[in-house]
Amino acid sequence: MRAYGAKTGSAEVDGQATPNGWFTAYRGGVAAAGLVLQGGHGGDSAGPIVAAVLKAS
């Protein structure tokens with residue numbers, strides 16, 4: 001069984017209309033994190049990027 005976990009979020013920046021989206025996750029012994037500037041919700045913007053990295057490992 002491979003262990004896995006993830007956390008998503010957004011970071012508001014003063015003067016920026018849309019927050020930055022971030023996503024971090026691990027699968028087995030591999031961890032990855034992504035940040036999309038003005039990406040909004042992290043699960044929608046950075047999540048697919050991190051998922052692709054972990055699936056390729």
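Asn20 lies in strand β2, where strands (E, at least two residues) and helices (H or I, at least four) are DSSP runs numbered from the N terminus. The model is a predicted one, in which local features need pLDDT of at least 70 and side-chain atom pairs count only at pLDDT 80 or more, while totals for chains, interfaces and linings use all residues. Residues are numbered from 1 along each chain as its sequence is written, and side-chain values use heavy atoms, with hydrogens and water left out.

With a relative accessible area of 9%, Asn20 is buried, a class that means under 20% relative accessible area, as against over 50% for exposed and the range in between for partly exposed (1.4 Å probe, protein chains only). The side chain of Asn20 is joined to that of Gln16 by a polar contact of 2.7 Å, and a polar atom of the Asn20 side chain lies 2.9 Å from the backbone nitrogen of Gln38. A polar contact is a pair of N or O atoms within 3.5 Å; within protein, one must be able to donate a hydrogen and the other to accept it, and residues adjacent in sequence count only if both atoms are side-chain atoms. When neighbours within four places in sequence are left aside, the residues in contact with Asn20 include Gly9, Ser10, Ala11, Leu35 and Gln38, contact being defined by heavy atoms within 4.5 Å.

The strands form an open sheet of three in the order β1-β2-β3, with antiparallel pairing; β1 and β3 are the edge strands, each pairing on one side only. Neighbouring strands of this sheet are turned by 10 degrees against each other on average, direction ignored, where axes are lines fitted to C-alpha atoms, for helices over the stretch in contact, and angles run from 0 to 180 degrees between N-to-C directions. Two strands pair if DSSP finds at least two bridges between them, and β1 and β2 pair in the antiparallel sense over eight bridges, with Ala6 standing opposite Ala25 in β2. Ala11 belongs to strand β1 (residues 4-11) and, at 31% relative accessibility, counts as partly exposed. Beyond residues up to four places away in sequence, Ala11 touches Pro19, Asn20 and Trp22, and its C-alpha atom is separated by 9.8 Å from that of Leu35, 24 residues apart along the chain.

Helix α2 lies across β2 and β3 and runs at about 155 degrees to β3. The buried residues of α2 (residues 47-56) are Gly47, Val50 and Leu54; they cover an arc of only 70 degrees around the axis, which puts them on the same side of α2, the arc being that of the directions from the helix axis to the C-beta atoms. Their cover includes β2 (20-27), β3 (30-36) and α1 (42-45), whereas the face of α2 turned away from its buried side carries the exposed residues Lys55 and Ala56.

The largest nonpolar core has six residues, namely Phe23, Ala25, Ala32, Ala46, Val50 and Leu54, and the elements giving two or more residues to this core are β2 and α2. Such a core is a set of buried Ala, Val, Leu, Ile, Met, Phe, Trp, Tyr and Cys residues joined through side-chain atoms within 4.5 Å. Ser45, found in helix α1, counts as buried at 16% relative accessibility, and a polar atom of its side chain lies 3.5 Å from the backbone oxygen of Gly39.
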